[in-house]
Amino acid sequence: MPNNKFKKSNPCASITKLPELGLKKADFIADFKRYYSHRLGRDQNCRSPHYAYEALSLAVSDRLVERWKNTYNTYKEENCKRAYYLSMEFLMGRTLSNAMLNLGVTDEVSKAMHDLGLDIEELIEAEPDAGLGNGGLGRLAACFIDSCATLQLPVTGYGLRYEYGMFSQAIINGEQVERPDHWLKNGNVWEIERPEYTNRIKFGGRVEELIDEHGKKKRVWVDTHDILAVPYDTPIPGYQNGTVNTLRLWKATATEEFKLDEFNAGDYAESVAAKNTAENISMVLYPNDANENGKALRLQQQYLLASASLQDIVANWVGRHGSDFTHFAEKNCFQLNDTHPSVAVAELMRLLMDEHGLEWDDAWSITQKTMAYTNHTLLPEALERWSVGLFQSLLPRVMEIIFEINAQFLAEVAARWPGDTHRLSRMSLIEEGHGQHVRMAYLAIVGSFSVNGVAELHSKLLQEGLFKDFFELWPEKFNNKTNGVTPRRWLAACNPELAEFITEKIGDKWITDLSELKKLEKFLDDKKFCKKWHELQQNAKQRLIDYKKTEHDIDLNVNALFDVQVKRFHEYKRQLLNVLHVIHLYDRIKRGDTENWTDRCVLIGGKAAPGYYMAKRIVKLINNISEVINNDPEVGEKLKLVFMPNYRVSAMEKICPGADLSEQISTAGKEASGTGNMKFMMNGALTIGTLDGANIEIREEVGNDNFFLFGLTESEVEEMRHHYDPVGIINEDEDLKRVVDLLESGHFNQFEPGIFNDVINSIKSSDDMWMTVADFRSFIDAQKRVEEAYQDKDRWTRMSIINTANSGKFSTDRTIQNYSDEIWNLKAVTVK
């Protein structure tokens with residue numbers, strides 16, 4: 001919404017406030033017809049559901065905008081402290097259904113569309129998933145801003161408006177094929193462009209030292225190649241409370257879109273070259289950074305996000321307070337979602353010193369009091385590192401500031417540990433070695449007053465391992481904020497039948513206070529309740545079967561165990577361990593070992609990064625195995641393996657209500673938190689998992705008897721690394737040996753010899769970081785316990801209810817309240 005960047009006369013000051021738009025069926029019918037006919041120019045001859053979706057979305061959006069303006073004006077009048085969530089990803093999914101739910105108009109809109117002869121589900125399906133994220137990081141950010149609005153906290157999200165999502169995944173001959181995800185090809189009805197708040201972003205050039213009019217030395221960044229950051233705002237509604245917060249996304253554009261003289265001279269390509277170069281920055285989510293051009297583009301994206309967002313916030317402050325930054329830190333807080341936006345630390349210093357004249361000490365004091373950093377990974381290679389050469393080329397002034405931050409920081413370290421040169425080297429923001437590199441995570445730690453992990457184990461391992469030196473210097477900075485998911489989208493919206501049943505039994509307070517679900521436990525011995533719960537779970541499975549039939553010509557048995565693993569492909573997430581178990585089950589069937597058998601449908605989905613060779617080989621392996629198993633008449637309904645292509649938010653909304661078993665099987669000590677585990681748990685799925693990430697806390701909440709634990713602990717993994725012998729483990733385990741023999745025989749790649757050799761070699765290598773076969777036997781034994789429990793329907797239903805009832809801790813409402821109370825220091829603001 002508007003800020004005070006420009007003080008101008010208001011040409012709309014005389015316009016009186018319009019009456020609020022109605023929320024009844026007739027109101028939506030009238031507005032739908034008006035938009036469909038007059039705005040979109042359609043009539044009864046139009047057959048595309050897209051235009052009906054767009055007309056309805058415009059009608060719903062009008063109601064959001066009313067509340068959006070009220071929210072902005074209330075925050076302005078209250079002069080409240082604000083927080084800003086900077087994230088490279090916001091994996092929003094579809095907006096229409098969530099907007100209707102949070103406005104409280106789902107029933108009225110559904111009736112309106114029915115009276116018009118339209119199917120509301122078809123209109124919802126016509127909306128593309130917003131391509132603004134890839135995995136858990138972006139989905140968490142989306143859940144967070146939903147909870148901020150529901151809790152009525154004044155928080156604004158800042159990100160990039162990618163023209164293309166990561167990619168649309170197709171499977172051809174078992175191989176992942178990446179296709180462009182042009183989610184904006186038809187525009188985005190939910191956003192409002194705000195060109196009046198465009199910011200100029202500097203790149204390249206050089207730094208000069210000048211003497212200003214007061215005789216002071218001043219560093220000036222000159223001869224830059226600038227681009228413009230244009231904001232697009234999306235409303236984020238809270239749950240039926242009148243609050244609508246803002247997600248502001250930046251699009252990169254050229255300062256001069258079109259050079260007429262070059263066009264007239266016949267150089268057509270060069271006439272628009274600047275426009276194309278600038279727009280590349282926000283064109284694609286996560287460009288491949290395997291080459292220098294890709295690395296430069298990634299760094300430009302990160303700086304665009306940081307600089308445009310901070311300029312926006314600082315301009316708003318100056319518009320209200322002038323050049324007095326005395327109370328800036330009391331009124332503003334920046335949350336850095338992972339390491340990507342950490343350049344914001346140096347950029348805020350640049351803006352305060354170079355643009356607004358603050359001295360270093362004052363600017364640094366403000367920076368350290370306003371920046372907070374969330375870490376999302378325990379993998380050192382996943383932390384951002386940029387070569388100093390690249391940084392100096394693209395951001396020379398920012399690099400100077402980082403050098404000075406590092407110098408002052410190392411002086412502090414040296415004073416604390418005199419003569420400890422190894423510690424100085426370990427903690428330096430500049431990594432020496434094969435060329436200098438900037439350690440961006442270290443910059444975030446040094447510049448922030450708060451550093452948090454996202455699960456209890458993750459935070460503990462950060463303090464004891466990855467950031468141990470910094471924890472020893474500043475233990476007071478470090479804290480934990482266990483992740484969550486929003487119950488509005490991940491139960492109320494995606495599983496309406498179960499949500500309605502829960503509300504019927506315990507009321508609807510659980511939608512904004514998930515701890516209310518604990519009341520479900522009083523029905524554990526109620527046979528009628530349990531029977532209904534089981535029926536609803538079966539209905540959800542049937543809906544998932546129907547959904548998959550649109551993509552796969554395969555019949556799934558609704559009474560089979562639905563065993564689900566959907567997440568980004570990475571070796572540490574161990575989709576490979578899952579498929580080894582599938583091969584083991586297949587081998588048992590072929591050997592006739594099917595006594596007391598439990599039919600099982602194994603559903604796997606997720607995308608592998610385009611440059612991640614091993615992950616893509618595992619995708620291919622899964623599809624090849626699926627082809628063999630699903631076409632073997634001897635296997636029949638005993639076992640199915642389905643790879644679900646193009647996994648995304650809207651797919652997960654169908655998948656998680658229909659899952660019986662949630663696979664959370666990462667190598668212990670590698671998963672920061674996980675949030676898919678929480679979505680499945682909330683919908684009544686049981687978890688099989690290692691003691692990793694948030695699995696530990698889920699198990700604590702549901703009790704040991706309602707969680708299928710297996711595998712080495714984090715400390716046992718580290719101990720085994722010194723003497724890991726996978727070949728010995730394979731030879732000593734007959735089941736595992738048969739699985740590996742099947743792989744090595746080429747049974748699943750008879751016409752493609754050798755294509756899985758690298759996967760097989762990784763399993764047998766003592767250097768396997770993910771210890772895949774070390775956990776095989778424990779995994780198989782845990783899966784047998786799963787089968788035993790599933791065969792007892794009453795026991796399984798009871799365990800399912802217990803999982804849902806104890807999911808209260810894993811609401812982002814709880815997580816965000818912790819952020820607000822312990823980091824941001826915000827107060828809820830009731831919108832007038």
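Me: Which residue is the bridge partner of isoleucine 688 in E23?

Reply: Phenylalanine 708 is the bridge partner of isoleucine 688 in E23. A caution first: this is a predicted model, where local features need pLDDT of at least 70, side-chain atom pairs count only at pLDDT 80 or more, and totals for chains, interfaces and linings use all residues. Residues are numbered from 1 along each chain as its sequence is written, and side-chain values use heavy atoms, with hydrogens and water left out.

Me: What makes E22 and E23 a pair?

Reply: Two strands pair if DSSP finds at least two bridges between them. E22 and strand E23 (residues 708–709) have 2 bridges, in the parallel sense, so they pair. Strands (E, at least two residues) and helices (H or I, at least four) are DSSP runs, numbered from the N terminus.

Me: How do you know that E21 and E22 pair?

Reply: Strand E21 (residues 661–664) and E22 share 4 bridges, in the parallel sense. Glutamine 664 in this pairing stands opposite glycine 689 in E22.

Me: Why is the unit of E21, helix H26 and E22 called right-handed?

Reply: Point the strands away from the viewer: a crossover is right-handed if the path from the first strand over the helix to the second runs clockwise. E21, helix H26 (residues 676–682) and E22 make a β-α-β unit of this hand. E22, helix H27 (residues 695–702) and E23 make a right-handed β-α-β unit too.

Me: What makes both faces of strand E22 covered?

Reply: In a regular strand the side chains alternate between the two faces of the sheet. In E22 (residues 686–689), Leu686 and Ile688 lie on one side, Thr687 and Gly689 on the other, and all are buried. Buried means under 20% relative accessible area, exposed over 50%, partly exposed in between (1.4 Å probe, protein chains only).

Me: Why is the contact of aspartate 555 and lysine 549 called a salt bridge?

Reply: The N to O distance is 3.6 Å. A salt bridge is a side-chain nitrogen of Lys or Arg within 4 Å of a carboxyl oxygen of Asp or Glu, so the label holds. Aspartate 555 is exposed at 56% relative accessibility, and lysine 549 is partly exposed at 44%. By this rule the count comes to 62 salt bridges.

Me: Is arginine 588 buried or exposed?

Reply: Arginine 588 has a relative accessible area of 10%, so the label is buried. Its salt-bridge partner is aspartate 593, with the closest N and O atoms 3.2 Å apart. Aspartate 593, at 33%, is partly exposed.

Me: What makes the pair of phenylalanine 325 and phenylalanine 328 tilted?

Reply: Their planes stand at 55° and their centres are 5.7 Å apart, so the pair is tilted. Both phenylalanine 325 and phenylalanine 328 are buried.

Definitions and conventions:
Rings of Phe, Tyr and Trp (its six-membered ring) pair if their centres lie within 6.5 Å; planes under 30 degrees apart count as stacked, over 60 as edge-to-face and the rest as tilted.
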